[in-house]
Amino acid sequence: MEKKLSEVSQKGDTCILVEGINDFRKLKKYNIDNIIILKGQKYYDIAEKILNNYDKAIILFDLDKNGKKMTEKFSSLLKNEGLEVDLSFRDFLKNLNVEEIENLP
């Protein structure tokens with residue numbers, strides 16, 4: 001998964017959306033680029049940044065109740081603006097029973 005995510009993130013048209021700095025640090029260890037951290041920022045500011053700079057967003061919020069809620073909200077917000085949203089990596093993590101991005105192996 002990490003290799004595929006790294007390849008996708010190298011394309012300038014795709015961003016990876018995560019909750020916090022620890023998620024960012026974990027993904028950087030796998031050479032993943034174009035990571036946007038949500039924590040401390042307003043949803044609409046992040047959405048505007050994504051819409052102005054990317055064609056596709058991969059949402060990688062944690063798999064807990066709060067992460068699911070945020071994923072639904074962001075996914076809906078971005079899709080309504082015509083942006084492609086990819087949740088397949090989240091689904092992959094569900095199958096691995098990884099609940100938090102920062103706890104990836």
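In the predicted model, phenylalanine 92 is placed in helix α5, which comprises residues 88-96. Phenylalanine 92 and asparagine 34 lie 58 residues apart along the chain, and a distance of 20 Å separates their C-alpha atoms.

Two aromatic pairs are present in the structure. In one of them, tyrosine 43 and phenylalanine 74 adopt a tilted arrangement, with 4.8 Å from centre to centre and an angle of 45° between the planes. This pair links distant parts of the chain: tyrosine 43 belongs to helix α3 (residues 43-53) and phenylalanine 74 to helix α4 (residues 65-80), at a separation of 31 residues. Phenylalanine 74 counts as buried because its relative accessibility is 0%, a value under the 20% cut-off.

Phenylalanine 74 also pairs with phenylalanine 61, here in an edge-to-face geometry with a centre-to-centre distance of 6.0 Å and 70° between the planes. Phenylalanine 61 is located in the loop between β3 (56-59) and α4, whereas phenylalanine 74 is in helix α4 itself, so the contact ties together parts of the chain that are 13 residues apart in sequence. Both phenylalanine 61 and phenylalanine 74 are buried. Through these ring pairs, Tyr43, Phe61 and Phe74 are joined into a cluster.

Terms used:
Residues are numbered from 1 along each chain as its sequence is written. This is a predicted model: local features need pLDDT of at least 70, side-chain atom pairs count only at pLDDT 80 or more; totals for chains, interfaces and linings use all residues. Side-chain values use heavy atoms; hydrogens and water are left out. Rings of Phe, Tyr and Trp (its six-membered ring) pair if their centres lie within 6.5 Å; planes under 30 degrees apart count as stacked, over 60 as edge-to-face and the rest as tilted. Helices (H or I, at least four residues) and strands (E, at least two) are DSSP runs, numbered from the N terminus. Buried means under 20% relative accessible area, exposed over 50%, partly exposed in between (1.4 Å probe, protein chains only).
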